[in-house]
Amino acid sequence: MSAEPISHCTRCVLPSTFPGIAFDSSGLCSFCQAAEQEAPVATARQQLRTRMEEAIESSRGQGEYDCIVAFSGGKDSTYTLQQLVRTYHLRCLAVTVDNGFVAEQARENCYTVTAALGVDFLFFRPAPDFMAQMYRNSVVAGGVQSPASIKRASALCNSCISLINNLMVKFALQHEAPLIAGGYIGGQVPKDMAVLDLNLIQQEWIRAPQRDRYTQLFGPAAGQFFFIRQSLLQKQPSGRVTVINPMLTVALRESEILASIQALGWQPARDTGRHSSNCRLNDLGIAIHYRQHGFHPYVMEVAEQVRYGLMDRAEALAKVQEIPDLAGLSPQMERIGIGLADF
Amino acid sequence: MNTDLSFKIADFMQKQFLFTFDGRTVTAETNLFESGHLDSFGFVELVTFLEQEFAIKLSDDDLLSNRLNSLASVTAVVEEKLSRVR
């Protein structure tokens with residue numbers, strides 16, 4: 001980490017430690033400068049929404065469910081599930097992957113919200129030993145994820161996200177659902193993931209080397225979570241599923257999202273830190289990421305919200321400058337088998 | 001290989017995906033998925049960049065061909081596309 005004082009973009013709060021960033025003489029970062037060349041955010045999101053709605057209409061009524069929803073019980077995936085059920089009237093199967101660190105309140109939210117919306121719900125917990133090994137080696141071993149993944153999330157989150165994304169494809173194939181929905185917001189994934197036509201054969205050659213690394217690092221059980229067997233792939237004759245992320249097509253402040261989902265009985269968890277509404281491991285990921293890379297792993301998404309007027313700059317700055325104290329995270333470190341000397 | 005084209009694509013890859021074509025560990029022929037420098041999110045970003053920057057449309061065949069995996073092969077695919085529209 002640099003000993004230089006960290007400065008932040010005068011508009012969006014991205015720090016001088018962020019990879020590849022440059023600033024002009026007024027302190028505006030290169031990401032904000034690039035955004036000025038783009039279409040207005042309302043226009044861009046409306047175009048994405050139109051594309052998503054076309055995908056929804058062409059997928060409706062084909063399988064056992066219309067859509068598998070990656071449902072963490074957090075605020076964004078709760079809002080997503082609500083939109084898909086109440087606005088688009090999709091037959092959804094909500095799936096929560098329990099990584100072993102789901103907050104009790106988040107677990108309650110899962111049951112409360114799915115009951116309120118009247119959707120089928122699956123709570124899936126991979127073996128705790130496997131998850132601990134995955135998390136441990138995500139921190140300790142080098143080269144688990146691509147170099148650019150550090151811009152999007154912590155090492156812990158990136159591995160978990162990979163696992164969840166792959167599991168959602170498996171559930172979609174098992175239940176013949178043509179759609180998979182996630183609750184990603186701007187800055188977490190490329191904007192084009194608002195609607196992504198996922199060619200499963202293409203994904204096989206893209207992900208094969210990654211799966212090989214996972215098997216090597218996380219053990220043979222990784223195959224169960226990161227491989228899709230040919231027999232399962234053949235259940236979708238088109239070889240495709242469509243991934244949608246409705247949150248990328250709307251412009252909402254956090255307060256609007258919370259007001260909407262609290263009407264479903266959703267309650268905020270109190271033990272998940274500032275940046276997660278469901279996971280008690282998240283703060284450890286943030287603290288490790290900051291120590292290794294010198295910037296907050298949520299800064300990209302926070303910056304995008306500020307850039308598009310969805311979060312006040314002062315609030316954003318406070319969010320990305322508050323780094324969880326590792327001293328208070330010993331129980332999480334112990335559970336995944338790492339110590340301070342490991343990173 | 002069209003060096004201007006290759007330079008532009010390499011510049012994007014290096015800045016976006018945070019690695020360097022150093023001529024030893026990563027070369028124009030390195031399969032970037034096998035080397036771990038590109039992942040499925042990166043692939044989405046790469047395809048978007050190529051289509052917007054060069055005003056081309058990558059077909060299913062292009063995406064399924066397993067050719068978009070190194071600087072050299074990506075450049076070749078873009079060259080072929082551009083030669084067809086000239």
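What pattern does chain B follow when read along the sequence? The legends below start there; the model is predicted.

**View 1. Chain B, helix after helix.**
Read along the sequence, chain B goes α-α-α-α. That makes four helices, with zero strands to go with them. The radius of gyration comes out at 12 Å, close to the 12 Å that the globule rule gives for 86 residues, so chain B is as compact as a globular protein of that length. If you're setting up a box around the C-alpha atoms of chain B, the principal axes give roughly 35 × 25 × 20 Å. Buried residues account for 26% of the 86 in this chain. Take the contacts in chain B between residues at least 6 apart in sequence, and 57% of them join residues at least 24 apart.

**View 2. Chain A, helices plus strands.**
Here we have 14 helices and six strands. Chain A has a radius of gyration of 20 Å, close to the 20 Å that the globule rule gives for 343 residues, so this chain too is as compact as a globular protein of its length. Its C-alpha trace spans about 55 × 45 × 40 Å along the principal axes. Of the 343 residues, 46% count as buried. For contacts in chain A between residues at least 6 apart in sequence, 75% link residues at least 24 apart.

Look now at β4 (residues 179-181) and β6 (residues 240-244) of chain A: they pair in the parallel sense, over three bridges. Within that pair, A181(A) has I244(A) of β6(A) as its bridge partner.

**View 3. The nonpolar cores.**
The largest nonpolar core has 96 residues, and the members that touch the most others are C67(A), I68(A), V69(A) and C92(A). Helix α6 (residues 155-174) of chain A supplies the largest share of this core, 12 residues. A second, separate core has 16 residues, including I206(A), I9(B), F17(B) and L50(B).

**View 4. Zooming in on C67(A).**
Which residues does C67(A) contact, once its neighbours within four places in sequence are left aside? The list runs L84(A), L90(A), C92(A), A177(A), L179(A), I180(A) and A181(A). One of these, A181(A), is also the bridge partner of I244(A) in β6(A).

**View 5. Where chain B meets chain A.**
The contact draws 22 residues from chain B and 23 residues from chain A. On the side of chain B that touches chain A, α1 (3-17), α2 (40-54) and α3 (60-64) of chain B each put in at least two residues. The largest share of that side, seven residues, comes from α2(B). Sorted by class, the side of chain B that touches chain A has 10 nonpolar, seven polar and five charged residues.

**View 6. Two loop residues with positive phi.**
Most residues other than glycine have a negative phi. H89(A) is not a glycine, yet its phi is positive, about 55°. You'll find H89(A) in the loop between α3 (75-87) and β2 of chain A. Is H89(A) buried or exposed? With 11 C-beta neighbours inside 10 Å, H89(A) counts as exposed. E176(A), also a residue other than glycine, has a positive phi near 55°. E176(A) sits in the loop between α6 and β4 of chain A. This residue is exposed, with 12 other C-beta atoms within 10 Å.

T50(A) is part of helix α2 (residues 41-59) of chain A. With 12 other C-beta atoms within 10 Å, T50(A) is exposed. In sequence, T50(A) and T249(A) are 199 residues apart, while in space they are 8.7 Å apart, C-alpha to C-alpha.

Notes
Residues are numbered from 1 along each chain as its sequence is written. Chains are lettered from A and ligands numbered from 1 in the order in which they are written. This is a predicted model: local features need pLDDT of at least 70, side-chain atom pairs count only at pLDDT 80 or more; totals for chains, interfaces and linings use all residues. A nonpolar core is a set of buried Ala, Val, Leu, Ile, Met, Phe, Trp, Tyr and Cys residues joined through C-beta atoms within 7 Å. A residue is buried if 20 or more other C-beta atoms lie within 10 Å of its own, exposed if 12 or fewer, and partly exposed in between; C-beta atoms are placed from the backbone. Two residues are in contact if their C-beta atoms, placed from the backbone, lie within 7 Å. Ala, Val, Leu, Ile, Met, Phe, Trp, Tyr, Cys and Pro count as nonpolar, Asp, Glu, Lys and Arg as charged, and the others, Gly among them, as polar. Two strands pair if DSSP finds at least two bridges between them. The radius of gyration is taken over C-alpha atoms; the globule rule is 2.2 Å times the number of residues to the power 0.38.
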